[in-house]
4 protein chains.
Amino acid sequence: MNFSKKFNCCPLSLLGDFIPTYSMRVVMKSCLLCLLVLVIDGAAVFGQKTKVIKGAVLIDGTGAPPIPESVLVIRDGKLVAVGPAGHVAIPDGSEEIDARGKFIIPGMMDANVHLFRDVSIEFIARYEDRLEELIEEGAQISLKYGVTTVFDSWGPLRPLMNVRDRINKGEIPGSRVFVAGNIVGLSGPFGRSFNAVGKWIAPKEFVERINAMFEEGTGTRLSWLPPEQVGQEIRTYIGLGIDFLKYAVSGHDCKGCSGFPETLDLSSVLLFTPEAQKAMVHEAHRAGIIAQTHTTSVESLRQAVEAGVDMLQHGAITGPIPIPESTLELMLEKGIYCAVQPRTAKRLAIEKKDAALFRRSIQVLEAWDGNIRRLIKSGVPLLLATDAGVSNPIKTEVEAGKDVFDVEHPEMLGEAHFIWFRAMIEKGMTPMQAIVAATRNNAAAYGKLDQFGTVEVGKLADLVVLNADPLEDIENTREIHWVIKEGVIVDRESLPVNPLLTKP
Amino acid sequence: MNFSKKFNCCPLSLLGDFIPTYSMRVVMKSCLLCLLVLVIDGAAVFGQKTKVIKGAVLIDGTGAPPIPESVLVIRDGKLVAVGPAGHVAIPDGSEEIDARGKFIIPGMMDANVHLFRDVSIEFIARYEDRLEELIEEGAQISLKYGVTTVFDSWGPLRPLMNVRDRINKGEIPGSRVFVAGNIVGLSGPFGRSFNAVGKWIAPKEFVERINAMFEEGTGTRLSWLPPEQVGQEIRTYIGLGIDFLKYAVSGHDCKGCSGFPETLDLSSVLLFTPEAQKAMVHEAHRAGIIAQTHTTSVESLRQAVEAGVDMLQHGAITGPIPIPESTLELMLEKGIYCAVQPRTAKRLAIEKKDAALFRRSIQVLEAWDGNIRRLIKSGVPLLLATDAGVSNPIKTEVEAGKDVFDVEHPEMLGEAHFIWFRAMIEKGMTPMQAIVAATRNNAAAYGKLDQFGTVEVGKLADLVVLNADPLEDIENTREIHWVIKEGVIVDRESLPVNPLLTKP
Amino acid sequence: MNFSKKFNCCPLSLLGDFIPTYSMRVVMKSCLLCLLVLVIDGAAVFGQKTKVIKGAVLIDGTGAPPIPESVLVIRDGKLVAVGPAGHVAIPDGSEEIDARGKFIIPGMMDANVHLFRDVSIEFIARYEDRLEELIEEGAQISLKYGVTTVFDSWGPLRPLMNVRDRINKGEIPGSRVFVAGNIVGLSGPFGRSFNAVGKWIAPKEFVERINAMFEEGTGTRLSWLPPEQVGQEIRTYIGLGIDFLKYAVSGHDCKGCSGFPETLDLSSVLLFTPEAQKAMVHEAHRAGIIAQTHTTSVESLRQAVEAGVDMLQHGAITGPIPIPESTLELMLEKGIYCAVQPRTAKRLAIEKKDAALFRRSIQVLEAWDGNIRRLIKSGVPLLLATDAGVSNPIKTEVEAGKDVFDVEHPEMLGEAHFIWFRAMIEKGMTPMQAIVAATRNNAAAYGKLDQFGTVEVGKLADLVVLNADPLEDIENTREIHWVIKEGVIVDRESLPVNPLLTKP
Amino acid sequence: MNFSKKFNCCPLSLLGDFIPTYSMRVVMKSCLLCLLVLVIDGAAVFGQKTKVIKGAVLIDGTGAPPIPESVLVIRDGKLVAVGPAGHVAIPDGSEEIDARGKFIIPGMMDANVHLFRDVSIEFIARYEDRLEELIEEGAQISLKYGVTTVFDSWGPLRPLMNVRDRINKGEIPGSRVFVAGNIVGLSGPFGRSFNAVGKWIAPKEFVERINAMFEEGTGTRLSWLPPEQVGQEIRTYIGLGIDFLKYAVSGHDCKGCSGFPETLDLSSVLLFTPEAQKAMVHEAHRAGIIAQTHTTSVESLRQAVEAGVDMLQHGAITGPIPIPESTLELMLEKGIYCAVQPRTAKRLAIEKKDAALFRRSIQVLEAWDGNIRRLIKSGVPLLLATDAGVSNPIKTEVEAGKDVFDVEHPEMLGEAHFIWFRAMIEKGMTPMQAIVAATRNNAAAYGKLDQFGTVEVGKLADLVVLNADPLEDIENTREIHWVIKEGVIVDRESLPVNPLLTKP
């Protein structure tokens with residue numbers, strides 16, 4: 001049933017029973033004559049009253065067995081009752097939606113995105129004044145493909161927070177965004193952590209302005225400081241309004257040196273002492289936010305775990321050395337969450353073959369892959385996390401004549417989470433585990449499980465309604481019927497609203 | 001007297017006697033209620049009727065002695081009568097303007113500007129979509145300081161033509177612009193002629209797009225072709241709508257390699273055979289436009305003269321070798337116009353001292369200076385020409401801690417022509433010669449003397465009205481009372497309308 | 001039969017019937033008991049008695065039909081009689097050598113070698129003090145494989161002349177060497193013509209010293225000068241002792257920028273005016289030496305021909321544009337010699353496929369190949385010329401995993417001339433034409449036909465004695481039985497004497 | 001009195017009363033008539049008889065008050081008795097040397113030299129086959145100026161050990177050398193720690209060969225490994241024959257990127273975890289050698305102290321942050337030795353002014369200077385250490401027009417230790433403290449105090465005999481009368497024997 005075709009004007013008679021979509025809200029605000037406007041284009045309609053979604057198979061994100069015929073009651077954007085048909089009372093006057101034949105999973109989550117991520121001089125100069133537009137575009141592409149929450153773990157803090165706040169206020173559509181800003185300890189884009197050559201070539205004033213915007217006082221300078229001062233700086237930084245703290249235990253390779261033949265390999269160096277790390281974790285916890293890390297070697301991984309962080313980004317990337325068994329055990333013991341970014345078998349073969357293009361050695365790729373397989377077996381709670389963004393390095397591959405879909409590109413926003421599922425199933429996860437990693441675990445790792453992440457009473461009604469069973473074939477997560485965020489059906493067709501990088 | 005304060009609304013009673021300024025026209029268009037609007041801010045008022053400017057000392061640009069008390073009669077933007085008081089009949093009903101104590105010279109002209117001129121990746125990426133705004137800003141800054149006509153001898157052709165056309169149609173204010181587009185034979189910005197490193201570093205797609213926009217098919221590729229094919233390519237290029245043809249006899253140094261320590265010195269190489277040069281000159285003349293050259297060595301200079309071009313850009317720049325006497329004689333014999341870009345003594349000392357910063361050797365600077373002095377003595381007709389633009393390389397000097405005014409910067413649009421006067425007087429020109437070089441000679445060199453360039457009957461009424469005598473002290477050209485373009489007083493205060501690079 | 005193995009001591013009793021090899025002479029010099037030392041005045045001497053080589057098929061290099069059973073009489077290093085058996089009187093007391101079943105061709109010649117040719121910082125720094133050793137090694141490898149004369153058309157002049165003189169005096173073995181020194185107009189190794197990045201990176205003092213050694217005052221500076229001064233500089237340069245003059249009409253690509261991703265393409269620019277070129281040719285002819293050119297475009301080629309040079313190096317390389325018919329006709333009309341460097345079909349396919357590695361576009365490769373085919377048909381006298389050296393760019397290919405033999409490398413000294421034969425036969429030459437190109441034409445082009453180049457009376461006895469018929473299969477030029485230089489059999493096994501770059 | 005001038009032949013009659021110089025020994029060896037050859041087992045031997053040096057003021061290196069009129073008895077290269085005149089028995093038949101008016105200090109020691117230290121492509125390529133000659137030159141220059149022992153704390157291990165062994169065996173003259181080889185954790189010359197651009201530009205094979213030679217398996221790869229594996233690698237490395245272990249706690253700036261405008265700042269990153277550091281220290285101590293560190297930040301300094309190392313190289317260099325008081329206290333508590341490299345006031349002013357040339361910020365320079373002043377006051381035992389070498393970076397300054405003497409260059413071997421004295425006195429040390437830092441402390445820090453370092457009974461007779469009192473003016477350390485190493489007077493005039501870098 002397609003509501004949008006049925007009601008493409010202002011049908012006052014239907015006003016009682018719909019939930020306005022994001023795009024509708026915009027229309028509503030600007031239209032003085034319409035008092036109530038209907039859903040348009042590819043969406044069912046919910047309303048002011050309590051809503052009930054009936055009959056779908058429910059996979060609630062907790063890992064529990066599916067409920068074959070479920071009833072979900074939604075009020076004010078939240079789930080007020082969830083259970084098998086016959087066990088849930090349907091409030092009088094509710095609007096009832098027939099979802100038989102559908103499959104419901106929680107809104108998906110990505111523990112590691114970069115809504116802005118290109119560090120070439122050309123890109124940053126071009127978009128310096130339009131960063132928020134780019135970020136909006138990223139958040140809207142994510143939402144379109146069922147990712148209702150993203151955690152942006154590196155990017156320009158203030159533009160990110162502005163977009164985050166606009167989305168939260170409902171001013172614009174988009175995935176719910178949580179932001180880290182800088183990865184504490186790394187340089188801005190034009191420095192040793194990203195594009196060292198950019199620093200030589202670009203005008204000094206520009207370099208300094210951009211770096212300052214990204215670093216927000218938490219750049220390489222912090223490596224110079226004793227632990228107490230690091231703690232103080234972090235306290236100030238948290239005060240700016242970040243949602244979670246990410247710091248770099250090890251360095252970041254400078255591979256963005258566009259056009260230059262050599263990577264500056266800093267993946268094995270450490271940026272902070274254990275004492276400084278503990279000071280940072282302490283500050284995060286005091287402020288009630290989680291701390292996570294960038295690690296890229298077995299020693300940085302171990303230090304991160306020992307420092308007491310709550311979760312690990314790309315914990316399976318450890319250079320040429322596999323994770324020692326003792327570190328795996330420590331992770332399990334601490335119950336630490338670990339985000340992983342797998343490659344599909346096809347992708348892995350490509351990256352091995354074109355190692356020079358991807359600037360990773362075969363040894364590193366193999367250790368990485370082996371680590372993920374061992375992590376799956378170990379029982380360490382894993383998280384869907386993709387490192388995805390809208391632009392480069394996809395551009396690099398496109399310039400080299402690659403088809404990003406054919407190469408199963410793992411870092412293209414809107415596609416990356418599906419590729420993640422495919423890769424993890426290949427490596428031994430069950431579909432149920434994969435869904436939990438994408439939903440419950442993500443919320444839990446970020447300390448948000450009380451608010452969302454599963455389809456349980458009291459949580460926000462973030463749902464993805466599928467046309468086919470994802471437990472049978474994880475590729476069915478692509479068969480999206482509706483994306484529902486806080487009880488509102490997303491007008492997917494309208495996203496992104498102002499395509500800049502993805503305009504056809 | 002300040003009209004703008006007095007009449008800040010629609011004073012219908014004054015409607016009869018003013019010539020609306022450029023900025024006023026804009027206001028008029030957007031104001032449905034106002035039928036006629038007054039001059040604003042620092043300007044006298046002209047009207048629909050014939051205007052007469054009386055009493056000023058007239059330096060008419062021909063080199064003739066000044067007329068101590070002149071009468072100029074202007075109708076429809078043109079001069080209909082010019083002469084000493086008492087010798088010119090003042091039409092009945094004319095509006096008479098009292099200009100006693102003022103000095104009138106023709107609108108100044110600059111034979112060599114680049115309204116766009118920065119070739120860093122950062123600058124071009126940032127402004128790629130706003131090139132026309134930059135070009136407008138440049139044309140408006142020029143006009144503000146009395147340069148009523150500029151010849152843009154290198155830049156992005158289509159944006160330049162668009163701005164040119166908008167100015168000519170009166171849609172926006174600005175100096176009258178004539179454009180060459182590419183310097184035939186040179187690469188686009190990201191190539192051997194300008195920023196070779198930019199070509200390595202920037203994304204390929206961007207490099208190719210920008211280079212194509214600047215080259216318009218007349219880049220380095222033309223050096224490969226036999227003369228006939230060069231001729232054909234040039235015919236096509238002229239057909240795009242250029243106003244004059246400029247080709248490179250010798251190459252252009254790659255000094256824009258921002259941040260890199262070495263200049264790639266191509267000033268001494270030749271890009272075309274004599275036969276190919278003649279083919280290009282032939283095509284220009286057949287199309288009724290002049291041909292001019294970029295030369296940077298004594299041999300390229302000689303070849304240009306022998307090829308039959310109409311004028312020479314920066315003819316005094318000949319590397320470390322002074323112009324041979326025989327070449328000077330040939331220039332004189334052919335009556336060829338020669339644009340020169342002098343340095344003041346103060347500036348020359350700075351450039352010698354900071355040779356590394358300016359990437360010119362002392363030997364080159366000295367040959368250049370000596371050539372200008374000899375050219376002045378020789379009688380070769382010289383042209384005011386500055387190479388000026390709005391942005392870099394001034395930025396470079398500013399980053400190195402220089403004050404552009406204190407260093408008598410010769411390439412800053414709006415200031416450059418005054419510095420030119422100062423430098424040429426220092427080197428032996430008389431003020432009268434300098435004014436002729438800036439006006440009559442420029443128009444003559446470009447084949448426009450029938451239209452403008454002097455204060456003579458039949459020409460456009462492009463005038464600069466000064467408060468002090470420029471023949472007494474050439475610095476008095478800065479003492480601008482009014483700039484008049486085609487009989488309309490320019491609202492100088494309002495320029496540039498939308499400052500981008502020069503916003504405070 | 002191998003003389004060097006048979007007589008490795010001072011066998012006085014055998015003195016009558018042997019031709020001492022180079023290595024024997026060394027033995028003889030150091031042997032206090034030997035009374036008979038035969039080296040006189042830079043020429044090898046043919047035992048005491050007249051020698052007669054009888055019975056071989058003679059291909060004399062003139063293009064005449066082979067003499068099936070020939071007699072060659074050699075005295076004092078020269079041919080004193082040549083003809084069919086029965087038509088040549090054998091002097092009494094001659095030593096007679098039976099060469100039945102063999103094939104004699106003149107000593108081969110290469111019109112374009114670079115006994116030194118690597119322009120990386122690393123190579124030049126390493127060998128700066130041993131340049132002559134490298135050059136000797138090159139000359140000895142050439143001789144070993146039947147090339148009795150090489151024309152070194154770019155390299156460090158003084159070391160080259162020293163080696164040349166030592167070889168000519170018979171102090172060391174090696175091909176006869178004629179040297180040009182610098183290609184007039186090009187920079188030294190660390191400059192725009194070769195390794196521009198080397199200039200940035202290497203210590204200034206080193207850069208300047210090396211460039212000065214290669215340029216010998218004839219570098220890029222000459223492009224600045226008027227024709228008369230160019231002539232004067234060239235006169236001075238010729239006075240240093242060069243054997244022929246080579247100047248660059250067009251520039252040289254900077255592809256030696258080791259490790260950098262971009263070529264600096266200067267192949268289409270011109271370095272001299274026609275007048276300056278004529279001045280240089282005039283000076284060469286006045287000094288009794290030939291003038292030749294470096295050209296890389298159709299226009300530079302045409303200018304070279306018009307300037308009156310005697311021969312053209314790599315005349316078939318004209319960038320993306322085929323040689324115009326009119327230029328071909330002019331070459332024919334002037335009887336100008338043209339050296340060409342062909343690629344075999346196999347090699348051409350490789351270079352097209354790996355265009356990025358070889359830094360030549362497919363269009364350029366195709367024009368080049370087509371030009372050679374047309375030149376063969378045209379009747380323009382062609383020359384074997386290889387651009388060969390001992391080291392790089394072979395190193396580059398080896399680093400990229402190529403087998404230099406498998407890829408039919410055309411620029412590896414000792415192998416290159418055989419590859420040249422193969423390629424030219426593929427493109428339409430007959431074996432006889434190929435042999436003439438390698439012998440008679442080369443001598444004629446360099447003005448040395450009165451001294452050597454064919455097997456004719458009065459010429460130096462430079463011979464290659466083959467075991468199989470080269471007219472049947474040009475590959476049989478590899479079946480070398482003896483290399484004879486000035487009547488002396490070369491001890492091929494001992495060459496190169498001190499292998500530096502080619503040590504196993 | 002100059003022995004070497006007096007006895008330049010084999011005067012048997014004088015054999016009783018001379019100390020043969022190094023050059024004398026060479027003469028003696030080649031003299032068939034001399035029966036008396038005295039060199040035994042790597043140690044120079046003091047004639048046949050016991051020697052006595054009488055009458056000099058003795059500053060014995062322990063910090064004790066000078067002995068105004070001392071007697072030193074030397075036998076077999078060692079001190080057998082030392083004391084005030086009248087308190088020391090002079091053995092019968094001793095040779096007595098009158099040293100009244102002289103001042104004796106122990107042979108000086110430098111805790112941080114690099115006998116090889118230039119990382120440009122050009123330098124390494126040039127000298128790759130002659131590294132040992134360069135190292136010999138360095139060791140001989142040191143000895144010439146009174147430094148009898150040097151600790152080479154970074155350089156190519158095997159060539160260094162070869163030279164070390166030749167000196168120890170008495171085959172060649174030179175300072176006693178102790179070697180560390182690589183600084184564990186740093187890359188070879190062509191990598192991120194020194195010349196990153198060299199890695200891009202130079203041929204791959206060369207880069208890999210040179211890096212392998214310097215790294216000896218202890219390069220950046222070790223940062224990837226867990227502590228146990230680091231320990232194993234270090235055990236292997238120690239087995240190669242190093243004299244002391246040096247590891248990098250923090251990274252090394254890449255400032256050797258000759259010609260490139262940017263430093264790659266890695267001074268603040270850490271290369272090893274505390275656990276890995278402890279594993280390395282453990283291995284050193286197990287092997288009976290000391291462990292020392294490269295630190296460049298306050299955090300790396302603290303970690304080094306906590307890891308239990310025996311001494312700190314350039315412990316005062318801590319980036320922009322002064323050493324925290326708590327770290328100073330910890331150093332004192334542990335009795336750790338700290339090598340410092342001060343700048344004189346004059347030099348500091350120059351480096352501040354030319355910060356760009358020296359690639360150190362003013363803030364870093366000031367923290368450095370302040371740290372040294374505080375260290376002097378603190379009582380932490382300090383060591384003379386200079387980082388000196390023979391070549392670059394002096395070359396850089398010379399190219400920039402500096403006079404190395406006028407700028408009080410602190411890293412020029414042969415001069416650096418005198419500059420160190422001057423600087424430390426300026427900052428508050430007494431001359432006595434400075435001499436102890438140069439002698440006793442150095443030996444103690446390296447665990448060699450039982451063998452040398454002071455003028456005490458049982459130690460090697462390494463002495464510098466001065467003509468003026470160094471306690472009165474530290475500059476008097478330059479007034480060298482004799483340098484005595486193991487009882488043998490050094491023929492200073494003959495050093496260095498084969499000057500390569502310092503040839504006039």
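Across the interface of chain D and chain A there are 2 salt bridges, a salt bridge being a side-chain nitrogen of Lys or Arg within 4 Å of a carboxyl oxygen of Asp or Glu. In one of them, D:Arg302 is paired with A:Glu275, with 3.1 Å between the closest N and O atoms. This is a predicted model, in which local features need pLDDT of at least 70 and side-chain atom pairs count only at pLDDT 80 or more, whereas totals for chains, interfaces and linings use all residues. Residues are numbered from 1 along each chain as its sequence is written, chains are lettered from A and ligands numbered from 1 in the order in which they are written, and side-chain values use heavy atoms, with hydrogens and water left out.

**Interface of chains D and A**

- The interface also holds 9 residue pairs in polar contact, both residues being at pLDDT 80 or more; a polar contact is a pair of N or O atoms within 3.5 Å, where within protein one must be able to donate a hydrogen and the other to accept it, and residues adjacent in sequence count only if both atoms are side-chain atoms.
- On the side of chain D that touches chain A, α6 (196–201), α9 (274–286) and α10 (298–307) each supply at least two residues, helices being DSSP runs of H or I with at least four residues and strands runs of E with at least two, numbered from the N terminus.
- The largest share of that side, 5 residues, comes from α10(D).
- In contact (heavy atoms within 4.5 Å) are 37 residues of chain D and 37 residues of chain A.
- About 3100 Å² is buried between chain D and chain A, 68% of it from carbon and sulfur atoms; buried area is the accessible area (1.4 Å probe) that two parts lose on being put together, summed over both.

**Confidence**

- The complex has an ipTM of 0.89 and a pTM of 0.89 from the predictor.
- Chain A has a mean pLDDT of 89, with 88% of its residues at 70 or more; pLDDT is the predictor's confidence in each residue, from 0 to 100.

**Backbone**

- A cis peptide bond, with omega about -10°, joins A:Leu495 and A:Pro496.
- A:Pro496 lies in the segment after β17 (488–489) of chain A.
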